Amino acid sequence: MTAGGGNLVLAGLRKDYGVGDPAVDRLDLEIAKGEFVALLGPSGCGKTTTLRMIAGLVEPSAGRILLDGDDLTAKPVHRRNIGMVFQNYALFPHMTVADNVAFGLEMRGVAATEIRDRVAEALALVRLTGFESRRPKALSGGQQQRVALARALVIRPDLLLLDEPLSNLDAKLREEMRGEIREIQKRLGITTVFVTHDQAEALALADRIAVMERGRLAQLGSPEEVYERPATPFVARFVGRINALAAAAGGDGRLRIGGQPVPTGDLRPAGTKATVMIRPQHITLSQPGISLLARVTGITYVGDVVQIAVAGDGFSVVAERGTADSSWRGLAVGQDVGVGWPASSALVFPENADGR
Ligand SMILES: Nc1ncnc2c1ncn2[C@@H]1O[C@H](COP(=O)(O)OP(=O)(O)OP(=O)(O)O)[C@@H](O)[C@H]1O
Ligand SMILES: [Mg+2]
């Protein structure tokens, strides 16, 4: 079961449903054959609309969709060789597992003996051999999920589209299925677009992440790029937790918070306002007198990490430590601390970088 083509190009894609702003606007995206791209963004940013336009279920208002150079835009759904898994699995309840998986092949007029072989192969791939004659309601959520995946894979698609396929599963099953999907996708080399609003899922799975904001592409990059070098404050906030501090440049050009200079590594014209953003794991806490003076306002133990909230004159931040690192154990609420961070870990954005 190996995929043929799979180079996907979205050019100037737009969907205007006719109410409010366009759901998707000026979307340009090129996905290489075999690549796994996560479409990540908040609810309503246009992820499902994008996926449904690629699948042929929603007609674009403008723009083009090319698969291996072939213009799909006007091609009907059944003539696109695309496998799709919907958020709610959408299995046929009255059909057995085997019939659910066989459906796409029957639609394509594949011979019965070949259907039997390919259904068996697809079910083996998702580790559901032996479940052929069950009905969906006699399966767990994770098993139904895998039937949906087998049904999408059995047609040997050039492109696999997954719309929040893990959203109904518990945390542990979700992590397992994540690994399975990634492994199957790699083994088959199928170009995959995976929709999620879970940043951890996108970071863990994707070769590249396309962060969407209000119908537009906010940033496209590797997990490391979008996490460590977010293009905008919106991306910085959406991809992982981050502290945001309002700063202004003093006469010497150094950014200051409440009059105190803070480490940022760059100089700005006096009076320039900026937002300084720092990931919680980069916040250092030391003896008062060093860096910014603050007081511990809360300590929250969340299992693998502990979050230490501190507040000073005109700012508050959250620091994060792994619970294996015992340095935080000496801290108490109400205690004075010095707050700092390495200048190289500070992301500096113009004051209105998110404004449109
Ligand atoms: N059939 C429709 N008619 C009108 N507006 C629609 C339609 N479908 C979606 N929209 C609107 O388009 C925007 C994008 O919706 P879409 O379903 O693509 O978002 P999403 O990113 O998938 O969100 P979620 O994470 O909640 O699934 C939303 O503002 C939504 O209200
Ligand atoms: Mg959606």
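Mentor: One definition before the ligand: a polar contact here is a pair of N or O atoms within 3.5 Å. Keep in mind, too, that this is a predicted model.
Trainee: Okay. How far is the polar backbone atom of Cys 45 from an oxygen atom of ligand 1?
Mentor: That one is 3.2 Å, so it falls within the 3.5 Å cut-off and counts as a polar contact.
Trainee: And what about Gly 46, how far is its backbone N or O atom from a ligand oxygen?
Mentor: For Gly 46 it's 3.0 Å to an oxygen atom of ligand 1.
Trainee: How much of ligand 1 does the protein bury?
Mentor: The protein buries 58% of the 640 Å² that ligand 1 exposes when taken alone.
Trainee: Which residues come nearest to ligand 1?
Mentor: Ser 43, Gly 44, Lys 47, Thr 48 and Thr 49, out of 13 residues around it. By class, that shell has 6 polar, 5 nonpolar and 2 charged residues.
Trainee: Switching to the rings. How many aromatic pairs are there?
Mentor: The count is 4 aromatic pairs. One of them is Phe 36 with Phe 194, a tilted pair with 5.6 Å centre to centre and 35° between the planes.
Trainee: Why does that pair tie together parts that are apart in sequence?
Mentor: Because Phe 36 is in strand β3 (residues 36–40) while Phe 194 is in strand β8 (residues 191–196), the pair ties together parts 158 residues apart in sequence.
Trainee: Are those two, Phe 36 and Phe 194, buried or exposed?
Mentor: Both are buried. Another pair to look at is Tyr 301 with Trp 328, also tilted, at 6.1 Å centre to centre and 50° between the planes.
Trainee: Where do Tyr 301 and Trp 328 sit in the chain?
Mentor: Tyr 301 is in strand β16 (residues 292–301), and Trp 328 is in the loop between β18 (315–322) and β19 (336–340), 27 residues apart.
Trainee: So is Tyr 301 buried or exposed?
Mentor: Tyr 301 counts as exposed because its relative accessibility is 53%, whereas Trp 328 is buried at 10%.
Trainee: Last topic: which charged end sits over the ring of Phe 92?
Mentor: That's Arg 151, 5.3 Å from the ring centre. Over the face of Tyr 227 you'll find Arg 279, at 4.0 Å from the ring centre.

Terms used. Residues numbered from 1 in each chain as written. Chains lettered and ligands numbered in written order. Predicted model: local features only at pLDDT ≥ 70, side-chain atom pairs only at ≥ 80, totals over all residues. Heavy atoms only, no water. Phe/Tyr/Trp six-rings, centres within 6.5 Å; stacked < 30°, edge-to-face > 60°. Helix = DSSP H or I, 4+ residues; strand = E, 2+ residues; numbered from the N terminus. Buried < 20%, exposed > 50% of the residue type's maximum accessible area, 1.4 Å probe, protein only. Lys NZ or Arg CZ within 6 Å of the ring centre and 35° of its normal. Near = heavy atom within 4 Å. Polar contact = N/O pair within 3.5 Å; in protein donor to acceptor, adjacent residues only side chain to side chain. Areas by Shrake-Rupley, 256 points an atom, 1.4 Å probe, with all protein chains shown as cover. Nonpolar A, V, L, I, M, F, W, Y, C, P; charged D, E, K, R; others polar.
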